[in-house]
Amino acid sequence: MPMEAPRTVATAVPGVGEAARERSAAYERARDACDDAMAIAGDELVERAFTFAGRRVRMRVAGRELAEHLMRPFVHLREDRAHNASDAREPTSLAIDVWDERVVHVPYPSGDDREPSETARPTGHGMLALSAATRFVRYDCTAWVTWLDRAERRIIGWRANADRLSMHERTRPLPFLLPVWYADQGVQVIHAGLVARDGRGVLFCGANGAGKSTSSLACLCAGLDFLSDDHVGL
């Protein structure tokens, strides 16, 4: 399924005004729990820097096994060196923090995340919710929750157990929220394949099952440069 975001998200990028001032008690509870998990993770904390669409992204994961699952699909976007304290001065366009409860023993905070004013709809294998002023986006699944604070450009996430991650998230980490952040950066994520030769590309578009991945992988086997068989940022 394409990782599309609600159409209302891309039309209002939080920066100033009502969206930037919006508060969410549920998000703040989750953020505080996430900060606690990062603080006590010790040797289980993995921190790396990546470049997404030319923007610097810092990712921290509390739990080495979870880090392996979430970071593996982005390995081709990783900076040559690990993120460290001296890198803090470099501008970061997105901060991502995710914790594994099984490892750090920090549960997801109790309480109802739902707010009467939010807009929610079934998406993928869970529920995608957008706050009234569009600052906060939340994606709920059975054993994990992920939030995006668009004003602070931060993603936080809870996973009950790295062993129980679905194959969907192992291959497409942070679904539905990364495309919202990309849209805020002026990058549109589309469901397509992309191959190239000598700097000139061919984009394969079509519905699920149309053959985008098959065509892209066939081109890879034939010696073309492979950029994607699933999602492409324009």
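The largest cavity has a volume of about 60 Å³, a volume being the space filled by probe spheres set on the grid points, which are joined across faces, edges and corners. Strand S6 gives the largest share of its lining, three residues; strands (E, at least two residues) and helices (H or I, at least four) are DSSP runs numbered from the N terminus.

## The sheet

Eight strands form an open sheet with mixed pairing, in the order S1-S2-S3-S8-S7-S6-S5-S4, and two strands are said to pair if DSSP finds at least two bridges between them. The edge strands, S1 and strand S4 (119-123), each pair on one side only.

Within this sheet, S6 (residues 136-141) and strand S7 (residues 144-149) pair in the antiparallel sense over six bridges.

## The open pocket

The largest pocket has a volume of about 840 Å³, and a pocket is an open set of grid points with protein on both sides within 12 Å along at least five of seven lines. Of the 25 residues that line this pocket, His-76, Leu-77, Leu-227, Ser-228 and His-231 lie nearest its centre. Among the elements that give two or more residues to the lining are strand S1 (45-52) and helix H6 (178-184). By class, the lining has 16 nonpolar, six polar and three charged residues.

## Confidence and conventions

The chain averages a pLDDT of 88, and 89% of the residues score at least 70; pLDDT is the predictor's confidence in each residue, from 0 to 100.

Residues are numbered from 1 along each chain as its sequence is written, and side-chain values use heavy atoms, with hydrogens and water left out. As this is a predicted model, local features need pLDDT of at least 70 and side-chain atom pairs count only at pLDDT 80 or more, while totals for chains, interfaces and linings use all residues.

Technical notes:
On a 1 Å grid over the protein atoms alone, a cavity is a set of points where a 1.4 Å probe fits but cannot get out, and a pocket is an open set with protein on both sides within 12 Å along at least five of seven lines; lining residues have an atom within 4 Å of a point. Ala, Val, Leu, Ile, Met, Phe, Trp, Tyr, Cys and Pro count as nonpolar, Asp, Glu, Lys and Arg as charged, and the others, Gly among them, as polar.
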